[in-house]
Amino acid sequence: MITKITGVLNRVLDEEVRLQVGALEYQVLVPEFVRRQIQMRTSQDLTLHTSEYLDGNPMQGKVVPRLIGFTSEAELEFFELFCTVDKVGTRKAMKALVRPVREMADAIQRQDSKWLTTLPGIGAATAEQIVATLRRKVTKFALMAPAANGDGTPAAAANVMDGDLIEDAYTALLSVGHSPVEARNRLDKVLAGGRSFKSVEDILLEIYKHGS
C-alpha cells in the first residue's frame with residue numbers, strides 16, 4: 001500500500017492531480033479543500049499522504065485501484081474517520097470535503113447539523129448521523145491550525161454559505177467565458193475575504209468590483 005508520495009506537481013484538475021515521480025506520472029484524487037491548498041504549486045515538489053481504495057464494480061469485471069491524497073497525516077486521518085459514518089463511503093466523503101478539516105470538525109463538535117447540510121451530498125439525515133457518530137472523536141481536528149491558501153499564506157476564516165450558491169456562481173463565471181481554473185481562482189479570492197453572500201449576483205459584483 002502506498003502511504004506517501006512525493007513528486008513534481010504537473011497538473012491540477014477538478015478532482016485529481018498528476019504527480020511526476022521519476023519517469024512515472026501518478027494520478028492522485030484530491031478533495032476540493034486539498035485542491036485549493038495546492039492549486040498554485042504546479043511545477044513544484046509536493047508530498048501527499050495517501051490512502052488507496054478499489055473503484056468499480058467487481059460484478060462487472062472492472063476494478064481500478066485509486067490513490068487519494070492529502071497534505072498532512074491529520075487530514076488523511078480525518079477523512080478515514082469520516083468514511084466510518086454509516087452510508088458515507090469513499091466517494092461521498094470525497095465530494096463532501098470542500099471545507100478545511102478544522103472547520104468540519106468544529107461543526108461536528110458543536111453538533112451543527114445545519115452547517116453540515118451545506119456540504120455537497122450531505123442531507124439532513126446524514127448530517128445527524130455524522131454528528132452522532134463523530135462528535136466525541138473530532139476534538140483534536142477542531143484544534144488544528146488553519147489551512148494555508150495555495151500560495152502558502154494563512155487562510156481567512158471561512159463563510160458558512162450554501163454550497164449550491166457557490167456552485168451557481170462558478171457556473172455563471174463559466175457561462176461568461178472564464179476557464180474552470182480561472183473561475184475557481186476568482187471565487188477562491190473573494191470567499192477568502194470572510195464576507196458572506198446571499199446571492200450569485202452579490203458574489204459576481206464583488207469579483208468584478210475588485211477586478212479579481
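Buried residues are those under 20% relative accessible area, exposed residues those over 50%, and partly exposed residues those in between, with a 1.4 Å probe and protein chains only. The legends below describe a predicted model, in which local features need pLDDT of at least 70, side-chain atom pairs count only at pLDDT 80 or more, and totals for chains, interfaces and linings use all residues. Residues are numbered from 1 along each chain as its sequence is written, and side-chain values use heavy atoms, with hydrogens and water left out.

**View A. Gln111 in the loop between helix 4 and helix 5.** Helix 4 spans 101–109 and helix 5 spans 113–116; helices (H or I, at least four residues) and strands (E, at least two) are DSSP runs, numbered from the N terminus. Gln111 is not a glycine, yet its phi is positive, at about 60°. With a relative accessible area of 45%, Gln111 is partly exposed.

**View B. Lys87 in the loop between helix 2 and helix 3.** Lys87, a residue other than glycine, has a positive phi near 70°. Most residues other than glycine have a negative phi. The relative accessible area of Lys87 is 70%, so this residue is exposed.

**View C. The hairpin of strand 4 and strand 5.** Strand 4 (residues 45–57) pairs with strand 5 (residues 62–70) in the antiparallel sense over 9 bridges; pairing requires that DSSP finds at least two bridges between two strands. Ser51 has Ile68 in strand 5 as its bridge partner. Between the two strands of the hairpin are 4 residues, and Gly61 in the turn has a positive phi of about 80°.

**View D. Glu32 in helix 1.** Helix 1 covers residues 32–38. Glu32 counts as buried because its relative accessibility is 13%. Apart from neighbours within four places in sequence, Glu32 is in contact (heavy atoms within 4.5 Å) with Asp14, Leu97, Val98 and Arg184.

**View E. The crossing of helix 9 and helix 10.** The axes of helix 9 (residues 180–191) and helix 10 (residues 200–209) come within 10 Å and cross at roughly 95°. The axes are lines fitted to C-alpha atoms, for helices over the stretch in contact, and angles run from 0 to 180 degrees between N-to-C directions. Helix 9 and helix 10 are therefore roughly perpendicular, a term for angles of 65 to 115 degrees. Arg186, Leu187 and Val190 in helix 9 meet Ile203, Glu206, Ile207 and Tyr208 in helix 10.

Terms used:
Angles under 35 degrees count as roughly parallel, over 145 as roughly antiparallel, 65 to 115 as roughly perpendicular and the rest as oblique.
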